[in-house]
Amino acid sequence: PSPLMAGKRGLILGVANNRSIAWGIARAARAHGAEVAFTYQGDALKKRVEPLAAEIGAHVVGHCDVTVPETIDAVFAEVERLWGGLDFLVHAIAFSDKDELTGRYIDTTEENFSKSLLISCYSLTAVAQRAEKLMTNGGAILTMTYYGAEKWMPHYNVMGVAKAALEASVRYLAADLGPQNIRVNAISAGPIKTLAASGIGDFRYILKWNEYNAPLRRTVTPEEVGDTGVYLLSDLSRGVTGEVHHVDAGYHVVGMKNPDAPDI
Ligand code: NAD
């Protein structure tokens with residue numbers, strides 16, 4: 001195996017099942033020699049996460065709901081007990097009430113706005129605060145974003161606003177943590193059929209649209225996101241921080257519909 005990530009220990013938040021982007025990143029990091037640990041959100045997901053962890057020899061450090069700060073503290077305490085330090089952190093978490101991932105952004109409620117921003121944006125800062133203390137030899141933090149942060153997308157609504165704030169957080173955290181050689185980057189993934197994505201209105205249409213119009217004429221896989229994750233989490237990207245790296249088959253460069261695309 002390639003020694004790219006040998007000796008690196010990483011905490012990965014956001015594995016829900018075998019379609020999760022976090023799972024794609026975890027497998028790629030393990031394949032390149034990293035040690036990884038998972039959290040899970042609640043008992044229902046624990047039953048899914050534990051067998052996946054066993055499959056690749058990952059640790060499971062406990063329940064973490066980012067709306068409950070004590071659970072964040074608890075999993076970081078467990079990481080410290082396990083490894084005594086941390087080299088990388090993957091944040092692959094987002095949430096909005098499904099009812100607001102359809103229709104108009106203007107109808108967002110204050111309650112769902114606050115909840116979505118807390119879980120999908122602030123939580124990166126919350127985990128970075130804890131990670132900073134353990135990353136005494138530098139480190140790499142990676143979060144997941146989407147093009148809906150940059151441009152209007154149908155149904156993405158409050159999540160687009162949350163991702164815009166998340167991408168700005170990446171830049172501010174990169175500046176704060178850079179002097180300690182802790183890098184902070186994001187992958188902007190093209191649409192992938194996952195549990196979280198199934199909450200977004202017309203998701204199949206969005207997948208087809210990307211397939212017909214992206215330069216590579218297809219969508220991307222969690223494996224492809226995972227491989228780019230290895231680049232951003234390993235020393236290959238040691239000169240890169242504050243970056244939002246698109247893994248979207250090139251969709252973000254397109255300014256107009258492909259005239260040869262079939263109707264959807
Ligand atoms: P997923 O459903 O597999 O993962 C979402 C994760 O968020 C789950 O593990 C869930 O437990 C976790 N989560 C939600 N609320 C939480 C909370 N309060 N505390 C702790 N964890 C919580 O879906 P995914 O598509 O792999 O999503 C991972 C990330 O990738 C998200 O940030 C998502 O916005 C982003 N992303 C997804 C796509 C896509 O098309 N699937 C595209 C670009 C970016």
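Modeller: Ala, Val, Leu, Ile, Met, Phe, Trp, Tyr, Cys and Pro count here as nonpolar, Asp, Glu, Lys and Arg as charged, and the others, Gly among them, as polar. The structure is a predicted model, in which local features need pLDDT of at least 70, side-chain atom pairs count only at pLDDT 80 or more, and totals for chains, interfaces and linings use all residues. Residues are numbered from 1 along each chain as its sequence is written.

Colleague: What is the radius of gyration of the protein?

Modeller: Taken along the principal axes, the C-alpha atoms fill a box of roughly 55 × 40 × 40 Å. The protein has seven helices and seven strands (DSSP runs numbered from the N terminus, H or I of at least four residues for helices and E of at least two for strands), and they follow one another as β-α-β-α-β-α-β-α-β-α-β-α-α-β. The globule rule (2.2 Å times the number of residues to the power 0.38, for a radius taken over C-alpha atoms) gives 18 Å for 264 residues, so the protein is as compact as a globular protein of that length, with a radius of gyration of 18 Å.

Colleague: By class, how many residues of the shell around the ligand are nonpolar, polar and charged?

Modeller: The ligand is surrounded by 27 residues, of which Ser20, Ala94, Met144, Thr194 and Ala196 are the closest (a residue is near if its C-beta atom, placed from the backbone, lies within 6 Å). By class, the shell divides into 20 nonpolar, six polar and one charged.

Colleague: Which elements each supply at least two residues of that shell?

Modeller: A helix and a strand each contribute at least two residues to the shell around the ligand. They are α1 (21-31) and β5 (139-145).

Colleague: Is α3 roughly parallel or roughly antiparallel to α4?

Modeller: Helix α3 (residues 69-83) packs on helix α4 (residues 110-134) with the axes 10 Å apart and at an angle of about 25° (axes are lines fitted to C-alpha atoms, for helices over the stretch in contact, and angles run from 0 to 180 degrees between N-to-C directions). Angles under 35 degrees count as roughly parallel, over 145 as roughly antiparallel, 65 to 115 as roughly perpendicular and the rest as oblique. The angle therefore makes α3, relative to α4, roughly parallel.

Colleague: Which residues of α4 meet α3?

Modeller: Contact here requires C-beta atoms, placed from the backbone, within 7 Å. On the α3 side the residues are Pro69, Ile72, Phe76, Val79 and Glu80, and these meet, in α4, Ala126, Val127, Arg130 and Leu134.

Colleague: Is the crossing of α4 and α5 left-handed or right-handed?

Modeller: Helix α5 (residues 157-177) and α4 pack at about 20°, their axes 9 Å apart, which means that α4 is roughly parallel to α5. A crossing is left-handed if the near helix is turned anticlockwise from the far one by less than a right angle, and right-handed if clockwise. The way α4 passes α5 is right-handed.

Colleague: How does α1 lie relative to α7?

Modeller: The axes of α1 and helix α7 (residues 222-233) come within 7 Å and cross at roughly 55°. That angle makes α1, relative to α7, oblique.

Definitions and conventions:
Contact = placed C-beta atoms within 7 Å.
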